[in-house]
Amino acid sequence: MLSIAFGLLMVPLIARQFTQTVNWSVNDFIVMGILLLSTSLFCELVVRNIQKIYFRIILVIAVLLLILLIWVELAVGVIGTPFAGN
């Protein structure tokens, strides 16, 4: 799980070397690293500790939807919270 999170974080780092459209600062990498790390650790915790597969699936989907909502809010500010810079 952690290697997948690290691999996903490497995509914008490599793309940043070849194009000007990927405009991430160090803070962006830190925030996304925290999001990916916490998501992968929580999913790992759910998979290891929850016995019933039905509850595993529900919890992992809920975590992924929550992280997607946070990511969208930080990227474009759909909800309009102070985190998005509004």
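**Helix packing and pockets in the predicted model**

The lining of the largest pocket comprises 16 nonpolar residues, two polar residues and no charged residue (nonpolar: Ala, Val, Leu, Ile, Met, Phe, Trp, Tyr, Cys and Pro; charged: Asp, Glu, Lys and Arg; polar: the others, Gly among them). The structure is a predicted model, in which local features require pLDDT of at least 70, side-chain atom pairs count only at pLDDT 80 or more, and totals for chains, interfaces and linings use all residues. Residues are numbered from 1 along each chain as its sequence is written, and side-chain values use heavy atoms, with hydrogens and water left out.

The volume of the largest pocket is about 370 Å³ (the space filled by probe spheres set on grid points joined across faces, edges and corners). In all, 18 residues line this pocket, and Ile4, Ala5, Leu8, Met32 and Leu36 lie nearest its centre. A pocket is an open set of points on a 1 Å grid over the protein atoms alone, where a 1.4 Å probe fits, with protein on both sides within 12 Å along at least five of seven lines; lining residues have an atom within 4 Å of a point. Two or more lining residues come from each of helix 1 (2-18), helix 2 (26-49) and helix 3 (53-76) (helices being DSSP runs of H or I, at least four residues, numbered from the N terminus).

The second largest pocket holds about 190 Å³ of space. Its lining consists of Trp24, Asp28, Val31, Met32, Leu35, Trp71, Leu74 and Ala75, of which seven are nonpolar, none polar and one charged.

Helix 1 packs against helix 2 at an angle of about 160°, their axes lying 8 Å apart (axes are lines fitted to C-alpha atoms over the stretch in contact, and angles run from 0 to 180 degrees between N-to-C directions). The two helices, helix 1 and helix 2, are therefore roughly antiparallel (angles over 145 degrees). In this contact (heavy atoms within 4.5 Å), Leu2, Ala5, Leu8, Leu9, Pro12, Leu13 and Arg16 of helix 1 meet Phe29, Met32, Gly33, Leu36, Leu37, Ser40 and Leu41 of helix 2. Eleven of the contact residues are nonpolar, two polar and one charged.

For helix 2 and helix 3, the packing angle is about 170° and the axes are 9 Å apart; helix 2 and helix 3 are therefore also roughly antiparallel to each other. Helix 2 takes part through Val31, Met32, Leu35, Thr39, Phe42, Cys43, Val46 and Val47, and helix 3 through Arg56, Leu59, Val60, Val63, Leu64, Ile67, Ile70, Trp71 and Leu74. This contact between helix 2 and helix 3 includes 15 nonpolar residues, one polar and one charged.

Conventions:
Parallel < 35°, antiparallel > 145°, perpendicular 65-115°, else oblique.
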